[in-house]
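Hi,

Here is the structure I promised to pass on. Have a look at it first, and then read my notes below.

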Amino acid sequence: MTDVNAHKVTDVLPEPTPPPAAGNGETQAPEISTGVSEIVRRWKREDLVKRGCLILHGLALVFSLIAFIVMASNTHGDWKDFDKYEEYRYVLAIAILSSLYTGFQVLRQIQELSTGKESFSRQKLALIGFIGDQVVAYFLLSAASSAVPLTNRMRENNDNIFTDSSVAAISMEFLAFFALAVSALISGHKLSNKSYI
């Protein structure tokens, strides 16, 4: 009777699986090469994003500097002096702020790309870039939008070098806004993907 029970227990147990046959390793090579190629693709994508952000900040810096220079030199005497209008003073102040911020970002990104070392952790850089780009972009949009009605009213009566210079400075601030808005979108994408981990 005990022999019958022992026989039943062994029938219930699954048969052990045989160990994999020793091979030449060719079956594992595609998995390793796929993993390596994925890592290389990710590095290239991250490098492209870093260079794209550098280009966008560089464009915003150029546009902000042009807006600053054009508005600061927009003094033609009498009523044709930017300093007499608070909207134009606001445009100048935000152009200075934007130039300082984007100049700092460009220098930091050039230093990081040339040395390969990041000044802060990736999480902090993504957060600083996202918040900074958004704040400065909205300041640029606010300043440019506040000066448009005044400039339009002036151009109805007198279309001269003063109003043309004002339009040029406002246009440069709009372009700087667009560059920083796209950069903020990229920074937001990096934050949402947590690609810094």
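Helices here are DSSP runs of H or I with at least four residues, strands are E runs of at least two, and both are numbered from the N terminus. Before going on, note that this is a predicted model, where local features need pLDDT of at least 70 and side-chain atom pairs count only at pLDDT 80 or more, while totals for chains, interfaces and linings use all residues. Residues are numbered from 1 along each chain as its sequence is written, and side-chain values use heavy atoms, with hydrogens and water left out.

Buried means under 20% relative accessible area, exposed means over 50%, and partly exposed is in between (1.4 Å probe, protein chains only).

Which residues does Val 70 touch, leaving out those up to four places away in sequence? They are Ser 165, Ala 168 and Ala 169, where contact means heavy atoms within 4.5 Å. Val 167 is 97 residues from Val 70 in sequence, with 9.7 Å between their C-alpha atoms.

Now for Ser 165, which is found in helix α5. Ser 165 counts as buried because its relative accessibility is 18%. With residues up to four places away in sequence again not counted, Ser 165 touches Asn 74 and His 76 as well as Val 70.

Next, the inside. The largest nonpolar core has 28 residues, and Met 71, Tyr 85, Tyr 88, Leu 140, Met 154 and Leu 180 have the most contacts inside it. (A nonpolar core is a set of buried Ala, Val, Leu, Ile, Met, Phe, Trp, Tyr and Cys residues joined through side-chain atoms within 4.5 Å.) At least two residues of this core come from each of α2, α3 (86-115), α4 (122-157) and α5 (161-193). Met 154 touches Trp 79, Tyr 85, Tyr 88, Phe 162 and Thr 163, not counting residues up to four places away in sequence.

Finally, the whole chain. There are five helices and zero strands. Of its 197 residues, 32% count as buried. Among contacts with a separation of 6 or more, 79% are between residues 24 or more positions apart.

Happy browsing!
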